[in-house]
Amino acid sequence: MELDLFIRYGPALLSGFGVTILCWLVGSIGGLVLGFLLACLYRFGPKALGWLIYIYVEIIRGTPFMIQLFILYYGGPYVGLVLSPMQAGILSFIIYGSPYFSEIFRSGFNAIPKGQIEAARCVGLSERRILMRIILPQMLVPTTAPLTNFFIILTKETAILSVVTVPELLYETQTMAAETFTFVEPFLVLSLFYWVLVIGTSWVGERVEARVTRHLRRV
Amino acid sequence: MGDNLTDQPIIQVRNMSKYFDEFEALRDVTLDVHRSEVLCLIGPSGSGKSTLLRCLNFLEAYDGGEVLLEGELIGWKSAGASPRKALSGEALRRQRQHIGMVFQQFNLWPHLTALENVAEALIHVKGLGKKQAHEKARAALAKVNLSDKEKNYPANLSGGQQQRVAIARAIAMEPSVMLFDEPTSALDPELVGEVLSVMKEMANEGMTMVVVTHEMGFAAHVADRVAFLDSGRLVTCVPPAEIFGQVPEDPRVRAFLQTYRERNVV
Ligand SMILES: Nc1ncnc2c1ncn2[C@@H]1O[C@H](COP(=O)(O)OP(=O)(O)OP(=O)(O)O)[C@@H](O)[C@H]1O
Ligand SMILES: [Mg+2]
């Protein structure tokens, strides 16, 4: 392994890693927020809206991420939406993730026993309070594990952003490989970076889960 | 005439009916619950006991007739209109504060401690400060003999203790009537007694209670009247002696009690 290769390309790889983390964090947190709003609207909004959300969820889940990205990046300008690769990448990431997040939250809502909500109504708590004080805090229990899991899946989906020239990790790795005619080393480094991201995410997920299920532990 | 106000039943059910789609769950139920009275509802499974109870605090919207709480129509804006219009959420919540309810499955909020379960509505419905609410919640927990468990989460309470916390949660709101839906049916036999004795104490202190139960001993000894439901109809509502002390006249009541006697013999 040639060390000077990594000295030369190290900064580019690191910057690629940084861009990957940025796109991943902003994209998936954005997707989480949008997904949460969708789940709330689906549950508490009018019926017609529920149908629209259902259709949205099915369409986005039914198409590959790369196609969505292409449509947004290359098709956007036709409707006056001109985006930089990074903007298009992050925006499509948000759109792509939102229905999965929304489904996780939707099943999280359903996991709260109806009796608990009835008990809350019986003592006169308002629907808003029931959401804030009874439903949301408990939703963390069934949703933390699937959310962590989906965050992990999304770490690797960021690689697709390279097709619209977002200078993320895969893009930089491919550049290095093409310019130096090495393949094993750059892709080993790439794997290492993703691995760090995955391990880190699952570590955080476990901490959060331990925290939010504390009250269920029998002592 | 002056007595009218105090003589008025706390709950008046007038020709109430309830449908689930086409299915008639309750038909033409008329029933009064008086102040400080303990009324037990008994009857076969599926006869509509829970439905009747849940109509009293509008957890189920009854269709026909009226349910009055201290003279005020529950849930609907007016009994006459057709179709009926439901009260605003705000108005319904105000009514419900006067009706406590205890469920078969306890329905405590598992992410809150015993104390927090009891204090929640004191803070967020009654608007008490945290300190005052906790004081009140402690008093309620003391009433159900659980002072030492206030910091426990429901997962670390026995079924009997959970049910007593649920009772404390309801009585802390100082309701004028308490509804119980088979409060001991989900409990191990050795835990039934502690819950029944708390309920007995409440009855002795003059709480108005409507209790759906399969505990015939409780019905026989604590109830002022026992109502028997069958297929959504109120068959009879009489003092317990008339049901348990002699052979009941109505063949449905007779058959129902017979199954209990047989089970107890074994
Ligand atoms: N939400 C509902 N939708 C449709 N049917 C219902 C609903 N709730 C109750 N029923 C029906 O209404 C009837 C009365 O039910 P209810 O739960 O009041 O009976 P119950 O006397 O409490 O029985 P149990 O002793 O088993 O608790 C039953 O036939 C039941 O299937
Ligand atoms: Mg029932």
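How many salt bridges does the rule find across the interface of chain B and chain A? In this predicted model, two salt bridges are found across that interface. In one salt bridge, Arg54(B) is paired with Glu118(A), and the closest N and O atoms are 2.7 Å apart. Polar contacts were also identified: eight residue pairs, both members at pLDDT 80 or more, are in polar contact across the interface of chain B and chain A.

On the side of chain B that touches chain A, two or more residues each come from α3 (89-96), β6 (99-102) and α4 (114-124) of chain B. The most is given by α4(B), with three residues. By residue class, this side of chain B comprises 12 nonpolar, six polar and five charged residues.

The extent of the interface was then considered. The contact involves 22 residues from chain A and 23 residues from chain B. Between the two chains, an area of about 2200 Å² is buried, and carbon and sulfur atoms give 60% of this area. Of the area that chain B buries against chain A, 26% is supplied by Arg93(B), Trp109(B) and His111(B), more than by any other three residues.

Ser162(A) is located in the loop that lies between α6 (127-157) and α7 (169-180) of chain A. Ser162(A) counts as buried because its relative accessibility is 10%, the cut-off being under 20%. When neighbours within four places in sequence are left aside, the residues in contact with Ser162(A) are Glu168(A), Leu170(A), Tyr171(A) and Gln174(A).

Methods. Residues numbered from 1 in each chain as written. Chains lettered and ligands numbered in written order. Predicted model: local features only at pLDDT ≥ 70, side-chain atom pairs only at ≥ 80, totals over all residues. Heavy atoms only, no water. Helix = DSSP H or I, 4+ residues; strand = E, 2+ residues; numbered from the N terminus. Buried < 20%, exposed > 50% of the residue type's maximum accessible area, 1.4 Å probe, protein only. Contact = heavy atoms within 4.5 Å. Buried area = accessible area lost by both parts, 1.4 Å probe. Salt bridge = Lys/Arg side-chain N within 4 Å of Asp/Glu carboxyl O. Polar contact = N/O pair within 3.5 Å; in protein donor to acceptor, adjacent residues only side chain to side chain. Nonpolar A, V, L, I, M, F, W, Y, C, P; charged D, E, K, R; others polar.
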